[in-house]
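Q: Could you help me learn how to read a protein structure? I would like the general idea each time, and then the case at hand.

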Amino acid sequence: MKLNSIRFARQNRKKQFLFICIGLFVNLLLILSACGNKNGLSDASGVFETTEVIVSAQANGELITFDVTEGQQLEANKQIGYIDTTQLYLKKMQLLGSRKAVESRQYNVARQIASIQQQIATQKTEQKRFENLVKSNAATQKQLDDINAQIAILEKQLAAQTETVENSNRSISGESSGLIMQIAQIDDQIQKSLIASPINGTVLSKYAEQGEWAVQGKSLFKVADIEKMKLRVYITADQLTSLKIGQAVEVYADQGKSDRKEYPGTVIWISDKAEFTPKTIQTRDERANLVYAVKIAVTNDGYIKRGMYGEVKWTTKK
């Protein structure tokens, strides 16, 4: 009986010792974990943003085609629809006909003055012949003077005719140029009737449907470049000394309640003006009243969403 009591006491002491060891080990893990979390604190936090563009109608008319759905990937400047251009096309055809009629009235200058030039050439031939006759006393000086006078008259007629034809052609050219400008305006209006996204991106919202009437300035859809995200964070004045444009940083995006994913980021903009801390933004120095906005470019792999909370770390690990 006494021997059993001794054995039982020994077993209790062994159990107590084991519990103490387990407790010490757990406390050590907690301490290490706390130290690790302390070293892993972010330098700033903020919200992911992206470039958003609201595409509006640039012409008036019915949406003949508008093949856009929310979530659709769009290529920059690729046509995805157009507004009715029937009246613009008919107006262009009318202007082209008017231009053709105007240009048909233009004169061929060389043809218009060819007759007078021929007469001058004939009189100059006679002039040389009579000069020789006068030298040989076979013709009078008056005959030669009459030929010289006729040549002078013809040359003046040639100059007047040339000026008249050229002025007429300039007037016709001006009228034709005006029609050309009107045709260019119609072409521009037709081009603006074509609907396209100005950037590569994803359709976030659609505000119109095919068959509806579009007016100039009416919003048609919203597109955003979600592949090139920006994390906007706010830092204190003390942190400005450790940050510069083009600096590579570590960006962390939330992945569930207790997980986060790391992305490489690049500082692309630092505000040169201080502002009061936004209510929705936390900074490392909770007592700071004035902060500076910073934008960090991040390439999205599809898991980062607009408005998602993110953190950034740029200090060197010790």
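Q: Is S193 buried or exposed?
A: We judge this by relative accessible area: under 20% is buried, over 50% is exposed, and anything in between is partly exposed (1.4 Å probe, protein chains only). S193 has a relative accessible area of 1%, so S193 is buried. One thing to keep in mind: this is a predicted model, where local features need pLDDT of at least 70, side-chain atom pairs count only at pLDDT 80 or more, and totals for chains, interfaces and linings use all residues. Residues are numbered from 1 along each chain as its sequence is written, and side-chain values use heavy atoms, leaving out hydrogens and water.

Q: Where is S193 placed, and which residues is S193 in contact with?
A: Helices (H or I, at least four residues) and strands (E, at least two) are DSSP runs, numbered from the N terminus. S193 sits in the loop between α4 (141–192) and β5 (194–196). Contact means heavy atoms within 4.5 Å. Setting aside neighbours within four places in sequence, S193 is in contact with A59, G81, Y82, I83, T85 and L88.

Q: How does T65 compare for accessibility?
A: T65 belongs to strand β2 (residues 61–66). Its relative accessibility is 30%, so T65 counts as partly exposed. Beyond four places in sequence, T65 is in contact with I80, G81, Y82 and Q210.

Q: How do I describe two packed helices?
A: By the angle between their axes and the distance between the axes. Axes are lines fitted to C-alpha atoms, for helices over the stretch in contact, with angles from 0 to 180 degrees between N-to-C directions. Here the axes of α2 (residues 86–103) and α4 come within 9 Å and cross at roughly 165°. That makes α2 roughly antiparallel to α4 (under 35 degrees is roughly parallel, over 145 roughly antiparallel, 65 to 115 roughly perpendicular, the rest oblique). Among the residues that meet are L88, L95 and V102 in α2, and I172, L179 and I190 in α4.

Q: What is in the largest nonpolar core?
A: In soluble globular proteins, nonpolar side chains tend to be buried together. A nonpolar core is a set of buried Ala, Val, Leu, Ile, Met, Phe, Trp, Tyr and Cys residues joined through side-chain atoms within 4.5 Å. The largest one here has 20 residues, and F48, V249, V251, I296 and V312 have the most contacts inside it. Apart from it lies another core of 16 residues, among them V68, I80, I195 and L220.
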